[in-house]
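Please examine the sequence and the structure before reading on.

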Amino acid sequence: MINLYGQEIKKLEELLISRGQKKFRATQLFSWIYEKKVTDFDEMSDVSKTFREELKRDFCLVQPKIFKKQVSNDGTIKLLLELEDGSKVETALMPYNYGNAICVSSQVGCNMACAFCASGLLKKKRNLEVHEMVGQILVMNKLLEERNERVTHIVVMGTGEPFDNYDNVLDFVRIANHPKGFAIGARHITISTCGIVPGILRYAKEGLQTNLAISLHAPNDEIRNKIMPISKGYPLDKLMEAVRFYEREAGRRVTFEYIMLKNVNDSIEHAKELVKLIKGTLAYVNLIPYNPVDENSFERSPDKAVHDFMSYLMKHGVNTTVRKEFGNDIDAACGQLRAKEHYEEERRKN
Ligand code: SF4
């Protein structure tokens, strides 16, 4: 069975044409499943009975199931979703004053092994299929219907490295952005990479108006090698070259994500190095207060250190923001909910 939610529109057109259908059927189906939110082929009233029968025979519209749900006092929703093979992935919804941003996972587990990350505690089991990323929005939109709202912004920043699942992530982004899909503006969609250089170079040439964020988290290779093993394959000089290429080719600037870790990367010396490193790019920096997890010893930088770091960057011409924090009363760190559930499952088994 082909899950219709996994079909990017161009690919769906080709698939339908190969089955003797007209190209416009793809847009028609998109409109039924995304605009009218129909989940039963029999409700597609302007589709011929014969084609409906064919759809019922060969296609399905399966969505992930909610396994666990946490809702924070600030309106953050964190879901642990169960997929058809029993795998579990996290997805989170952050209510900003400008809209609802969903943080989408792109893999089951992650192999990048960033030392501070709860998602990376569980190794990659597999890539997510396109329909499994689309499903994260569908499920969240269903919950938001109660508030008469919908997902308006996407960050592919949940569990997994998006450029390690490049083709599926890009198909997902195209469905999210398509006017008959979720119709989310390109500028409201961000892909975040830990620094996979070939992925950045390829993304630069896609001709998309979507955003790119890079998890930098260190101002030099020495620190980066310690907390982000990917850095050994793609050191900072190569990464910065790729950033400059992206800026030229895509005509877009990147955001550097920088987690503030106490006594690791949060001194004024580090801020100085960072200014030097990103000089000449149009990038801006998003400082992220750290959510400690039990499984490592990293600590959160004091507010003063974050403030001083930010002031230094701003004084030296780097646009800087501090990420708003969400869901402090629930499992706020990315991957924490899934990791906890996994360990509980293991305990139950033993
Ligand atoms: S921070 Fe991202 S890339 Fe690094 S281990 Fe966690 S999920 Fe993977």
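Domain bounds, as used here, come from an automatic or database domain assignment. On that basis the chain is divided into domain 1 (2–60) and domain 2 (65–349). The centres of the two domains, taken over C-alpha atoms, are separated by 33 Å. To their contact, domain 1 gives ten residues and domain 2 gives twelve, two residues being in contact if their C-beta atoms, placed from the backbone, lie within 7 Å. On the side of domain 1 that touches domain 2, helix α2 (residues 24–35) gives the most, with five residues.

This is a predicted model, in which local features need pLDDT of at least 70 and side-chain atom pairs count only at pLDDT 80 or more, whereas totals for chains, interfaces and linings use all residues. Residues are numbered from 1 along each chain as its sequence is written.

**The chain as a whole**

The chain has twelve helices and 14 strands; these are DSSP runs, numbered from the N terminus, with helices (H or I) of at least four residues and strands (E) of at least two. Along the principal axes, the C-alpha atoms of the chain fill a box of roughly 70 × 50 × 35 Å. Of the 350 residues, 42% are buried. A residue is called buried if 20 or more other C-beta atoms lie within 10 Å of its own, exposed if 12 or fewer do, and partly exposed in between, with C-beta atoms placed from the backbone.

Strand β6 (residues 99–103) is largely enclosed by the rest of the structure, because four of its five residues are buried. Two strands pair if DSSP finds at least two bridges between them. The pairings of β6 are as follows.

| Partner of β6 | Bridges | Direction |
|---|---|---|
| β5 (residues 88–96) | five bridges | antiparallel |
| β9 (residues 153–156) | three bridges | parallel |

A hairpin joins β5 to β6 through two residues. In this pairing, A92 stands opposite C103 of β6. On the β9 side, I102 has I154 as its bridge partner.

**Residue E8**

Where does E8 lie? E8 is found in the loop between β1 (2–3) and α1 (9–18). E8 counts as buried because it has 21 C-beta neighbours inside 10 Å. Leaving aside residues up to four places away in sequence, E8 touches V130, D171, R174 and I175. E8 and N168 are 160 residues apart in sequence, yet their C-alpha atoms are 9.4 Å apart in space.
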